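Let's take a guided walk through a protein model.

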Amino acid sequence: MRDNTKSGALTEVTFYILLSLYTPRHGYAAMQFIEDKTKGRLLLGAGTLYGALTSLEKKGWITPYGDLKKRKKEYCITPQGKEIAEKELARLHELVNIADTIIGGAYE
């Protein structure tokens, strides 16, 4: 994952994973959430997803949730992860507002 934490820019995949974990989910459910929300535009492979989950857990942005002895490990977003997601949302709003000013609201 090539997230730029200095500028606040996250990869789209990272942002969607964080969003998916506002409700505790196991990896496959997170994959389904992302596929559903993007209408199939983003399809994550298991290796990509589980590598990202490991990386996000190391950063402290997500944490295991519930019974860790269950076969399917669940995760949820941490307060730090929520802060990162909220900053990304603000950055995206700024980007859209600037683009809207330049393009002239072509998508309204």
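This is a predicted model: local features need pLDDT of at least 70, side-chain atom pairs count only at pLDDT 80 or more; totals for chains, interfaces and linings use all residues.

Here is a short tour of the sheet, the helices and a few side-chain contacts.

Now zoom in on β1 and β3 (residues 74–77). The two run antiparallel and are joined by 2 bridges. If you want to spot a pair, find His26, whose bridge partner in β3 is Glu74.

## Helices around the sheet

Next, look at helix α1 (residues 12–20). Which of its residues are buried? They are Thr14, Phe15, Tyr16, Ile17, Leu18 and Ser20. These buried residues of α1 pack against quite a list of elements: β1, β2, β3, α2 (27–37), α3 and α4 (79–103).

## Salt bridges

How many salt bridges does the structure hold? The count is 4. One of them is between the side chains of Glu12 and Arg41, at 2.4 Å from N to O. Glu12 belongs to helix α1 while Arg41 is in the loop between α2 and α3, so this pair ties together parts that are 29 residues apart in sequence. Glu12 counts as partly exposed, because its relative accessibility is 36%, and the cut-offs for that label are 20% and 50%.

Another one joins the side chains of Glu57 and Lys73, at 3.9 Å from N to O. This pair also links distant parts of the chain, with Glu57 in helix α3 and Lys73 in the loop between β2 and β3, 16 residues apart. Glu57 is partly exposed at 29% relative accessibility, and Lys73 is partly exposed too, at 36%.

Then there's Glu83 with Lys87, where the closest N and O atoms are 3.3 Å apart. Both residues sit in helix α4, 4 residues apart, which is about one turn of the helix. Glu83 is partly exposed, with a relative accessible area of 43%.

## Rings and a charge

Searching the whole structure for aromatic pairs turns up 0. A ring does have a charge over it, though: the charged end of Lys59 sits over the ring of Trp61, 4.6 Å from the ring's centre.

Notes:
Residues are numbered from 1 along each chain as its sequence is written. Side-chain values use heavy atoms; hydrogens and water are left out. Rings of Phe, Tyr and Trp (its six-membered ring) pair if their centres lie within 6.5 Å; planes under 30 degrees apart count as stacked, over 60 as edge-to-face and the rest as tilted. A charge sits over a ring if NZ of Lys or CZ of Arg is within 6 Å of the ring centre and within 35 degrees of the ring normal. Two strands pair if DSSP finds at least two bridges between them. Buried means under 20% relative accessible area, exposed over 50%, partly exposed in between (1.4 Å probe, protein chains only). Contact means heavy atoms within 4.5 Å.
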